Amino acid sequence: MRWWSVANFVSNAGTWMQLTVQNLLVLQITGSAAATGLSMSVQAAPALLISVFGGAAVDRWPRRLTAAVSQALLGAVAFTTAVLVALDRLDMTSLMVLAAVTGVIATVDGPACSLLGNDLVPAEDVPSAIGVGALVHQAGRLTGAALAGVAVGLLGTAAAYAANGVSFLFVAAVIPFLRPVRGAARAVAGAAPAEKAPDTMSVREGLTFFARRPRLLALAGITGLSAVFGRNYQLTLAVLVTGPLAGGAGAFGTVSTVLAVGGIVGAVVAARLRRPSVRLVGLLAAAGGLLQVVAGLSPSMAVLLVMVLPMAVVESVSDTAGTAVLQTDPPAHMRGRVLGVWGSVGTVWSLGGPPALGLLMELAGARGALVTGGLLIAGTIGAGHVLRRRRAVTPVPVRTAATDLPATLTSAA
């Protein structure tokens, strides 16, 4: 697990180096902000369309081999982009094709790497392992963004892509030496006799399982609500800081730093979770919504900074708890397909959330969007909890006339 964490840190740093310069590269090629958004959508589109097939592949194929091959392929794409940039041969068509290929590979790589990390620790430590992964992600994000400026300044834009390629190859080289713990669930090779045979591991079965699992549907609803009306703090807080609070780019930079620190603190806290649940995710999401309301009403930058830290902590812990539920609730032979379904659903939120939030900001302003979004999140989750309790079925003891012995009837409370 230590080797896997180091490898993921290197990979995340490389990925964020590339992401930091990618939008600038598109702007240099086209001079169009719309083209920048289009390139991001092209890379995300495969997750929307074929994530369920990628998850099915992860359930069918040996997990370590799948992860190693997908990482190597992602490295090859990064190196190809670096060469084209260095030779000044990268045009918009090539960039779109490479973005689409990256998106296709990621539909397999994401669930394969997530589940491989879980195989390295005992089942009771999986939530902690996911928390460590979140911490590694945040640390890699900060490191990669910082290194991107250094690499581009000294070696040029191509260096960021080349560094990302090296990071993928490093992960691919580490994977063969990882040893899953005894009894860890592994795709196909580790499946128990009672589980489904590989030839019956269909995409439809994964979709059906997800649709019939109330816990997963509730988790999807909570996460989707938060993704659309909250969490897009880089957008809402940027407008709030530069608008009503009359701050500049430096002030928003301070807010972004506090958000990053809060994410790291939250990951550390989440690593101590032992039994995360959908109820915990809902409570945290509702708390985050209420904090968002207070942030939207902040009269000054000082008050906003005080609120931003707990907002980021709550968001990080909630994300980690939700991921733990998602990766441990389904049976072992279904987890790849469940993650595939989740990838498709999550892409809908990531593509549809910012435009919806932008429209809300146009209508209500930055403060109104934060307050309205926070109230919608907290209110909807609270209402859902009340309805669930009212619909809960509870046993009522009665006595039968024939035997005068206690029996049970059920009634809706």
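**View 1. Aspartate 88 sits in the loop between helix 3 (63-86) and helix 4 (92-118).** Helices here are DSSP runs of H or I with at least four residues, numbered from the N terminus. The model is predicted: local features need pLDDT of at least 70 and side-chain atom pairs count only at pLDDT 80 or more, while totals for chains, interfaces and linings use all residues. Residues are numbered from 1 along each chain as its sequence is written, and side-chain values use heavy atoms, with hydrogens and water left out. Although aspartate 88 is not a glycine, its phi is positive, at about 60°. Aspartate 88 counts as exposed because its relative accessibility is 68% (buried is under 20% relative accessible area, exposed over 50%, partly exposed in between, with a 1.4 Å probe and protein chains only).

**View 2. Arginine 231 occupies the loop between helix 8 (214-229) and helix 9 (233-242).** Here is another residue worth a look at its backbone. Arginine 231 is not a glycine, yet has a positive phi of about 70°. With a relative accessible area of 23%, arginine 231 is partly exposed.

**View 3. Leu48, Leu49, Val348 and Leu351 make a nonpolar surface patch of about 340 Å².** Helix 2 (33-60) and helix 13 (335-391) are the elements that give two or more residues to this patch. Patch residues have over 30% relative accessible area and no salt bridge; nonpolar side chains (Val, Leu, Ile, Met, Phe, Trp, Tyr) are joined within 5 Å, and like charges within 9 Å. A salt bridge is a side-chain nitrogen of Lys or Arg within 4 Å of a carboxyl oxygen of Asp or Glu. Accessible areas come from the Shrake-Rupley method with a 1.4 Å probe, and for residues only the protein chains shown count as cover. Leucine 48 belongs to helix 2, and its 35% relative accessibility makes leucine 48 partly exposed.
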